[in-house]
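Dear colleague,

I am handing over the structure below, followed by an account of what was found in it. Please read the notes with the coordinates open beside them.

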Amino acid sequence: MPFKRYVEIGRVALVNYGKDYGKLVVIVDVVDQNRALVDAPDMVRSQMNFKRLTLADIKIDINRVPKKKTLIDAMEKADVKNKWENSSWGRKLIVQKRRTSLNDFDRFKLMLAKIKFWVVFNVLKIGIMLGILFPIPMKAGMVRQELAKLKKETAA
Amino acid sequence: MAAKRKTPVKSRNPDLIRGVSKYSRSKMYHKRGLWAIKAKHGGFFPRHDPQPKAPAAAEKPPKFYPADDVKKPLLNKRKPKPTKLRAIITPGTVLILLAGRFMGKRVVFLKQLPSGLLLVTGPFKINGVPLRRVNQSYVIATSTKVDISGVNVEKFDDKYFAKEVEKKNKKGEGEFFEAEKEDKKLLPEGKKEDQKAVDVSLIKSIEGIPDLKAYLAARFSLKSGMKPHELAF
């Protein structure tokens, strides 16, 4: 099991500790064995211990310590934001954030939506088991419909 | 006594620095116009003879002297203010009651009463909570708000909720041994009418928002995995 993600100039990482917790940053230089110089569009360039960073799968093409404008342009070119938000890790974080920000009323509405979904799901399941309903294609479609509805609910 | 001035007089002799005034004694004599007063009264300051005092009533010695000197308690002029209302609680906020008969119920906040308690209603038809007073400390404020503009809560204050004083009826000896005929305390019709009047427009605005009625009818409870300090209300 060799390493797949390396610390290199242009490596995108997530800050997992400290004041900038949760931010996506780019490694723009390596200070020494333990620290990196790190930069992001909305942050002042600063040093960070590697222990505070979790490397992501994304890498951008920059020279050592680019100017802020160059960095931002390179991030746009590599489309870091979209790649991150569509990756499974990024999506999980977004869902987590959404869940913690749910209002008490939102949680109630979510509960109702979940109940509705599972009732339909179980009815369909039993229907298929008893051979009443048409088999697999229709069910998958319905399930995907309901899943999409639920995702919209959590996303809303 | 000279009449009191409407505005306080600004000092005619300002301080240049603390302890040093701008004008000397002689200058101030001139500024105050004492020379004019003297001239008016022929070189002398006017003197007023002391007014005759009304004869003081003869004081009788007190009939009773207490054995020990009793200390008088110090005067307390403090007037307590009503509890400061949390900024998040505004009229129409949905609150979660945390204690008492209606614990867990989600309820609509109407206004803060002069005593500091919060006036709250279910509405009664939705969750059985009547017009009720509730302490701010026993309440979680959610960020859900209901439109309360159609409701008139002017007439409600702490006196409305005071317990009714029972008239003591003198019992004869025989009646002592009878079981106390306690008639059930019926809610007076007036209070029922008040409840209905308040709830009518509230229920209309609640039904405007989907699922809100079911939300208010349900009780809040902590489920497994819910951490109150991490929940957003």
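B:Asp194 sits in helix α5 of chain B, in what is a predicted model. With a relative accessibility of 13%, B:Asp194 counts as buried, because the cut-off for that class is under 20%. Leaving aside residues up to four places away in sequence, B:Asp194 is in touch with B:Leu131, B:Lys155, B:Phe156 and B:Tyr160.

A residue of chain A may be set beside it. A:Ala74 belongs to helix α1 of chain A, and its relative accessible area of 13% makes A:Ala74 buried. Once residues up to four places away in sequence are set aside, the partners that A:Ala74 touches are A:Ile60, A:Asp61 and A:Ile62. For the pair A:Ala74 and A:Asp61, the separation is 13 residues along the sequence and 6.5 Å in space, taken from C-alpha to C-alpha.

As to the chains themselves, chain A has five helices and five strands, and its elements run β-β-β-β-β-α-α-α-α-α from the N terminus on. Chain A has 156 residues, of which 31% are buried, and 49% of its contacts between residues at least 6 apart in sequence join residues at least 24 apart. Chain B has six helices and seven strands, which follow the pattern β-β-α-α-β-β-β-α-β-β-α-α-α when read along the sequence. Buried residues account for 25% of the 233 residues of chain B, and among its contacts with a separation of 6 or more, 59% are between residues 24 or more positions apart.

The largest nonpolar core has 23 residues, and the members that touch the most others in it are B:Leu110 and B:Leu119. At least two residues of this core come from each of α4 (104-129) of chain A and, in chain B, β4 (106-112), α5 (189-208) and α6 (212-217). The element that gives the most to this core is α5(B), with four residues. Apart from this core lies another, of 16 residues, which includes A:Leu14, A:Ala56, A:Ile60 and A:Met75. To return to B:Leu110, its contacts, not counting residues up to four places away in sequence, are B:Pro91, B:Leu119, B:Val120, B:Thr121, B:Leu131, B:Ile148, B:Val151, B:Val153, B:Val198 and B:Leu202.

Where do the two chains meet, and how many residues does each bring to the contact? Chain B brings 18 residues and chain A brings 10 residues, and between them the two chains bury about 960 Å², with 58% of that area on carbon and sulfur atoms. On the chain B side, the residues that lose the most area to chain A are B:Asp211, B:Tyr215 and B:Ala232, which together make up 45% of what that side buries.

B:Asp211 also deserves a look for its backbone. Although B:Asp211 is not a glycine, it has a positive phi of about 70°, and its place is in the loop between α5 and α6 of chain B. With a relative accessible area of 35%, B:Asp211 is partly exposed. In chain A, A:Asp79 likewise is a residue other than glycine with a positive phi, near 55°, and A:Asp79 lies in the loop between α1 and α2 of that chain. At 34% relative accessibility, A:Asp79 counts as partly exposed, because that value falls between the limits of 20% and 50%. One further backbone feature is the cis peptide bond that joins B:Gly122 and B:Pro123, with omega about 0°; B:Pro123 is in the loop between β5 (118-121) and α3 (124-127) of chain B.

With kind regards

Key: Residues numbered from 1 in each chain as written. Chains lettered and ligands numbered in written order. Predicted model: local features only at pLDDT ≥ 70, side-chain atom pairs only at ≥ 80, totals over all residues. Heavy atoms only, no water. Core = buried A, V, L, I, M, F, W, Y, C linked by side-chain atoms within 4.5 Å. Buried < 20%, exposed > 50% of the residue type's maximum accessible area, 1.4 Å probe, protein only. Contact = heavy atoms within 4.5 Å. Buried area = accessible area lost by both parts, 1.4 Å probe.
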